[in-house]
Amino acid sequence: MIMTYEIEDNLYVNLTNRCPNACRFCIRNKPEAFAHDLWLDQEPSAGEVIREILARELSQYRQLVFCGFGEPLERLEEVLEIVRRVKEKNKIYVRINTNGLAGKIHRRDVTPQFETLIDGLSISLNAGNAEEYDAVCHSVFGLEAFPAILDFAAKSKAYVQDVQFSVVDCLPPDRLAACRKIAAELDIPLKVRREVKA
Ligand code: SF4
């Protein structure tokens, strides 16, 4: 079971396969494109992950990143517990790569819980409106997903120092332009990331 792994100078944490979306471009559909076998037959406990992280020399990493095959904030409480323990004795930047649907998953505004713990959020945007998002990401939340993501992003800014949107570079130009417009309106930077090719 791979709970943590390194990419360049960051340490990544793999907590869950679960996700309320089924995005067309999801790496879970392209396991051959990824060097590690990140599929978890069983989710690790917070304690197991904490032990593994603390066994490493954390000063060698630039960031601790919650990412993995699924949506890390499906396990919000475990993420926060891990970060709390790691930050007790270590100064490390913590980022979460998220689909921005934690508010829908947990049916409340979870963003205040990020305060003093989470330094960066990278939120997948991937569409310029609710219909496009639904067509690309096939969320269980349907058309409610997209406005929930914008709400999550806007609220997170009060508690997280670096909030950014990300989109994959395979988006058509008009959709990319719509994403840029939304990001500008919310005053949140937009990062265009490379799609993982199979
Ligand atoms: S939100 Fe992320 S983990 Fe979930 S299906 Fe989409 S790409 Fe995959």
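Analyst: The residues of the ligand shell split into six nonpolar, two polar and one charged. They are Cys19, Asn21, Ala22, Cys23, Phe25, Cys26, Arg28, Phe69 and Asn99. Keep in mind that this is a predicted model.

Seven strands make up an open sheet with mixed pairing, in the order 1-2-3-4-5-6-7. Strand 1 (4-7) and strand 7 (190-193) are the edges, each pairing on one side only. On average, neighbouring strands are turned by 25° against each other, direction ignored.

Where does strand 5 stand, enclosed or open? Strand 5 is largely enclosed by the rest of the structure, because five of its five residues are buried. In a regular strand, side chains alternate between the two faces of the sheet. Here both faces of strand 5 are covered. Gly120, Ser122 and Ser124 are buried on one side, and Leu121 and Ile123 are buried on the other.

Strand 5 has a partner on each flank. Strand 4 (residues 93-98) pairs with strand 5 in the parallel sense, over four bridges. Within that pairing, Thr98 has Ile123 as its bridge partner. Strand 6 also runs parallel to strand 5, joined by five bridges. There, Ser124 stands opposite Ser166.

Strand 6 (residues 162-168) and strand 7 run parallel and are joined by four bridges. Val168 of this pairing faces Arg193 in strand 7. Helix 6 (residues 173-185) packs on the sheet here and touches strand 6 and strand 7. The direction of helix 6 makes about 150° with that of strand 7.

At the other end of the order, helix 1 (residues 46-54) lies across strand 1, strand 2 (10-13) and strand 3 (63-66). Helix 1 runs at about 165° to strand 2.

Next, the nonpolar packing. The largest nonpolar core has 58 residues. Ile53, Leu64, Phe66, Ile82, Phe114, Ile118 and Phe165 have the most contacts inside it. Helix 5 (residues 145-156) supplies the largest share of this core, seven residues. Take Ile82 as an example: leaving out residues up to four places away in sequence, it touches Leu15, Ala46, Val49, Ile50, Ile53 and Phe66. A second, separate core has seven residues, including Tyr12, Ile27, Leu38 and Val65.

Finally, the loops. Asn126 sits in the loop between strand 5 (120-124) and helix 4 (130-137). Its phi is near 70°, a positive value in a residue other than glycine. Asn126 is buried, because its relative accessible area is 2%, and the cut-off for buried is under 20%. Glu8 also has a positive phi, near 50°, and is not a glycine. Glu8 lies in the loop between strand 1 and strand 2. Glu8 is exposed, with a relative accessible area of 75%.

Leu143 is placed in the loop between helix 4 and helix 5. Leu143 is partly exposed, at 48% relative accessible area. Leaving out residues up to four places away in sequence, Leu143 touches Ala130, Glu131 and Asp134. The C-alpha atoms of Leu143 and Glu132 are separated by 9.2 Å, and the two residues are 11 residues apart along the chain.

Notes: Residues numbered from 1 in each chain as written. Predicted model: local features only at pLDDT ≥ 70, side-chain atom pairs only at ≥ 80, totals over all residues. Heavy atoms only, no water. Near = heavy atom within 4 Å. Nonpolar A, V, L, I, M, F, W, Y, C, P; charged D, E, K, R; others polar. Core = buried A, V, L, I, M, F, W, Y, C linked by side-chain atoms within 4.5 Å. Buried < 20%, exposed > 50% of the residue type's maximum accessible area, 1.4 Å probe, protein only. Helix = DSSP H or I, 4+ residues; strand = E, 2+ residues; numbered from the N terminus. Contact = heavy atoms within 4.5 Å. Pairing = 2+ DSSP bridges. Axes fitted to C-alpha atoms, helices over the stretch in contact; angles between N-to-C directions.
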